[in-house]
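Please look over the structure shown here, and keep it at hand while the paragraphs that follow lead from one part of the chain to the next.

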Amino acid sequence: MINIGIAGIGFMGMIHHLSYQKIRGAKVAALCEKDPVRLAGDWRTIQGNFGPRGEQMDLKGISRYSELDEMLADPKIDLVDICLPPAWHADVAVKALAAGKHVFCEKPIALTAVDAQRMVRAAAKAKRLLMIGHVLPFFPEYNFAYRAISKGRYGRLLGGHFKRIISDPSWLPDFWKSDRIGGPMLDLHVHDAHFIRLVCGMPRSVTAVGRMRGSLVEFFSSQLLFDNPRLAVTATSGAIGQQGRSFSHGYEIHLEKATLFFDFSVVDGKGELSMPLTVVESNGKVLRPDLGAGDPVLAFEAELKEVVAAVRQNRQSPILAAALAADAVTICQNEAKSVATGKTVRF
Ligand SMILES: NC(=O)c1ccc[n+]([C@@H]2O[C@H](COP(=O)([O-])OP(=O)(O)OC[C@H]3O[C@@H](n4cnc5c(N)ncnc54)[C@H](O)[C@@H]3O)[C@@H](O)[C@H]2O)c1
């Protein structure tokens with residue numbers, strides 16, 4: 001049995017807690033939360049943009065801590081799952097690793113590449129696993145693309161375009177603070193930066209244009225170049241002022257023998273799959289693979305299953321490894337630098 005201690009019972013902490021209940025061999029043994037009401041089990045104020053609303057919970061048998069250090073000192077905890085705001089990730093992960101725990105931490109790994117590398121080094125020194133919650137490759141459309149690319153099912157990857165746009169999250173007071181959340185680049189685009197890193201490797205350079213809000217990028221488009229000069233990848237991400245389309249993501253991926261495309265948005269409060277995953281094959285066939293129910297919570301269950309399996313087998317996850325997440329933050333930083341300076345940035 002892998003005993004898990006979750007740090008932070010907000011939207012993600014709740015989704016992780018509920019998901020672990022469905023994973024054989026995993027047990028939430030401890031929770032750490034500074035809000036005494038949530039720590040006592042009243043999760044009714046928790047509501048994210050998907051998944052169930054929080055309920056009154058029965059937390060019998062689960063150790064509860066208001067201080068992180070106390071949970072890190074709990075000898076029964078094997079894995080610390082960090083669901084705290086991003087500004088906490090680096091320091092808490094480094095402490096947990098030094099305390100001998102494996103760590104799974106929500107995205108982004110950290111707010112700076114320097115902190116991300118500090119976390120990667122701490123894991124290597126402690127000989128413990130550090131995995132980061134890049135859940136996108138566990139969403140059916142992205143999982144299909146990841147598997148098709150990594151298995152070479154349609155030949156080599158030639159490039160693609162990745163899009164991720166939200167309405168300005170005016171209800172998150174820290175969203176536009178670089179030392180708290182880091183705006184759309186680190187909160188949003190980091191998902192695509194990680195996916196691009198996963199399937200393309202590390203870029204050689206980036207040229208990006210866009211508009212800034214203070215010191216943070218508000219909206220941008222970037223062109224990423226790789227060692228392979230034939231690999232052409234672009235991305236668009238950011239926040240728009242209007243609330244009527246609160247979320248939008250999608251991609252077009254070019255492979256030697258097929259093109260994959262997909263587009264999903266939330267418009268006027270309702271999810272609209274404007275383009276379900278579509279595969280156009282070289283022989284002219286157009287396929288619409290059946291991807292199942294499409295509940296985002298299922299992607300988190302699949303992600304956490306991978307985390308628990310990696311800890312049980314003491315192996316690194318090829319998707320969730322912290323080094324990839326650290327590279328994703330470096331990609332975001334260089335894209336932001338390119339937008340801010342108007343110059344191409346080399347890695
Ligand atoms: N993978 C995804 O799709 C996804 C979606 C949403 C959020 N996230 C990530 O999950 C993380 C958490 O986001 P969230 O939306 O759940 O945040 P949240 O604000 O809903 O929850 C954070 C919780 O941590 C608690 N907390 C803060 N500081 C604490 C401390 N020092 N000790 C104990 N508890 C403390 C807060 O009281 C709150 O309950 C962020 O890194 C975010 O980027 C990921």
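Predicted model: local features only at pLDDT ≥ 70, side-chain atom pairs only at ≥ 80, totals over all residues.

Val345 belongs to strand β15, made of residues 345-346, and it is buried, because 20 other C-beta atoms lie within 10 Å and a residue counts as buried at 20 or more.

The protein chain is divided into domain 1, which takes in residues 2-135 and 301-317, and domain 2, which takes in residues 136-292 and 328-346. The centres of the two domains, taken over C-alpha atoms, are separated by 26 Å, and the contact between them draws 14 residues from domain 1 and 15 residues from domain 2. On the side of domain 1 that touches domain 2, helices α5 (113-126) and α8 (296-312) each supply at least two residues. Sorted by class, that side of domain 1 holds 11 nonpolar residues, 1 polar residue and 2 charged residues.

What lies between the two domains? The largest nonpolar core has 104 residues, among which Ala7, Ala93, Ile109, Met119, Leu130, Met131 and Ala322 touch the most other members. Helix α9, residues 322-341, contributes the largest share of this core, with 10 residues. Because domain 1 and domain 2 both give residues to the core, it lies between them. In soluble globular proteins, nonpolar side chains tend to be buried together. Ala322 shows in detail how such contacts are made here, for it touches Ile109, Met119, Val120, Ala123, Leu130, Met131 and Ile132, when residues up to four places away in sequence are not counted.

Helix α8 can be followed next. At 1.5 Å a residue its 17 residues should span 24 Å, and its end C-alpha atoms are 25 Å apart, which agrees with that expectation. The buried residues of α8 are Ala299, Phe300, Glu303, Leu304, Val307, Val308, Ala310 and Val311. An α-helix has 3.6 residues a turn, so residues three or four places apart point the same way. The buried residues of α8 pack against the strands β1 (2-7), β2 (26-32), β4 (79-82), β5 (102-106) and β6 (130-133), and also against helix α1 (11-20). After α8 comes Asn314, which is placed in the loop between α8 and α9. Asn314 has a positive phi of about 45° although it is not a glycine, and it counts as exposed because it has 10 C-beta neighbours inside 10 Å.

Two further places have backbone geometry of note. Most residues other than glycine have a negative phi, and most peptide bonds are trans. Asp268, which is not a glycine, has a positive phi of about 50°; it sits in the loop between β12 (258-267) and β13 (270-281), and with 10 C-beta neighbours inside 10 Å it counts as exposed. Lys107 and Pro108, for their part, are joined by a cis peptide bond whose omega is about -15°, and Pro108 is found in the loop between β5 and α5.

The ligand has a shell of 22 residues around it, the closest being Gly8, Gly10, Phe11, Met12 and Glu106. Helix α1 gives the most to this shell, with 3 residues, and by class the shell divides into 11 nonpolar, 4 polar and 7 charged residues.

Is His189 buried or exposed? His189 lies in helix α7, residues 183-200, and it counts as buried because it has 29 C-beta neighbours inside 10 Å. Leaving aside neighbours within four places in sequence, His189 is in contact with Arg164, Pro184, Ala235, Ser237 and Cys332. Of these, Ser237 is 48 residues away from His189 in sequence but 5.8 Å away in space, C-alpha to C-alpha. Pro169 is placed in the loop between β7 (157-167) and α7, and it is partly exposed, with 19 other C-beta atoms within 10 Å. The C-alpha atoms of Pro169 and Gln243 are separated by 8.6 Å, although the two residues are 74 residues apart along the chain.

Terms used: Residues numbered from 1 in each chain as written. Domains from an automatic or database assignment. Contact = placed C-beta atoms within 7 Å. Helix = DSSP H or I, 4+ residues; strand = E, 2+ residues; numbered from the N terminus. Nonpolar A, V, L, I, M, F, W, Y, C, P; charged D, E, K, R; others polar. Core = buried A, V, L, I, M, F, W, Y, C linked by C-beta atoms within 7 Å. Buried ≥ 20, exposed ≤ 12 C-beta atoms within 10 Å, placed from the backbone. Expected span 1.5 Å × (residues − 1). Near = placed C-beta within 6 Å.
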